[in-house]
Amino acid sequence: MGLSSLNPFSSSSSSTTTTPSTPKPSADGAFIAPDRTSRAKCYEARDAFFHCLDKNGILDAIKDQEKARQGCGDVEKAFGRDCAGSWVTYFKQRRVMEWKKQQTLNKIEAEGGWVPEGAATPAASQPQMPK
């Protein structure tokens, strides 16, 4: 999704860290929920970042933060810019959780166990980690 305009291999030599965006408050102080266009932009940035992580063999962008920044710094900045900070954290944690869930389901199946239909996460959304 739009990876041709992003360079996942460039790295920034600067030590500045980007702070993930936060929702904008309305006139009454409540936060404004992102609209459909903003969510789509966030999902595209997330997918580009996760694709870069996959290409660099990184599963956990929180635990392997330095490695993720080196391999996917510009893409990660776009992800932080286009998504609310809480969403960025949530998506990074969910990526690891979904991978662990799929590994558990694979193990159950390999041991002859039964996995309910629909329990597995679609393969297209799974991180492609080396075995």
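This is a predicted model: local features need pLDDT of at least 70, side-chain atom pairs count only at pLDDT 80 or more; totals for chains, interfaces and linings use all residues.
Trainee: What makes up the secondary structure of the protein chain?
Mentor: There are 3 helices and 0 strands. From the N terminus on, the order is α-α-α.

Trainee: Where does Arg 95 sit?
Mentor: Arg 95 is in helix α3, which covers residues 85–110.

Trainee: Why is Arg 95 called buried?
Mentor: Set the value against the cut-off. Buried means under 20% relative accessible area. Arg 95 has 5%. That is under 20%, so Arg 95 counts as buried.

Trainee: What lies 2.7 Å from a polar atom of the side chain of Arg 95?
Mentor: The backbone oxygen of Ile 58 does.

Trainee: What makes that pair a polar contact?
Mentor: Distance is one test: the N or O atoms must be within 3.5 Å. Here they are 2.7 Å apart. The pair passes that test, because 2.7 Å is within 3.5 Å.

Trainee: How do you know that the length of α3 agrees with its number of residues?
Mentor: Compare two values. The 26 residues of α3 should span 38 Å at 1.5 Å a residue. The end C-alpha atoms of α3 are 38 Å apart, so the two agree.

Trainee: How does α1 do on that test?
Mentor: α1 has 20 residues, with 28 Å expected. From its first C-alpha to its last, α1 reaches 28 Å. The value is close to the expected one.

Trainee: Which residues of α3 are buried along with Arg 95?
Mentor: Among them are Val 88, Phe 91, Lys 92 and Glu 98. Gln 102 and Leu 105 are also buried.

Trainee: What covers the buried residues of α3?
Mentor: The cover includes α1 (36–55) and α2 (65–82). In turn, the buried residues of α1 pack against α2 and α3. Those of α1 include Cys 42, Phe 49, Phe 50 and Leu 53.

Trainee: How much of the protein chain is buried?
Mentor: Buried residues make up 31% of its 131 residues. The chain exposes about 8,800 Å². Carbon and sulfur atoms supply 54% of that area.

Definitions and conventions. Residues are numbered from 1 along each chain as its sequence is written. Side-chain values use heavy atoms; hydrogens and water are left out. Helices (H or I, at least four residues) and strands (E, at least two) are DSSP runs, numbered from the N terminus. Buried means under 20% relative accessible area, exposed over 50%, partly exposed in between (1.4 Å probe, protein chains only). A polar contact is a pair of N or O atoms within 3.5 Å; within protein, one must be able to donate a hydrogen and the other to accept it, and residues adjacent in sequence count only if both atoms are side-chain atoms. The expected span of a helix is 1.5 Å times one less than its number of residues. Contact means heavy atoms within 4.5 Å. Accessible areas come from the Shrake-Rupley method with a 1.4 Å probe; for residues, only the protein chains shown count as cover.
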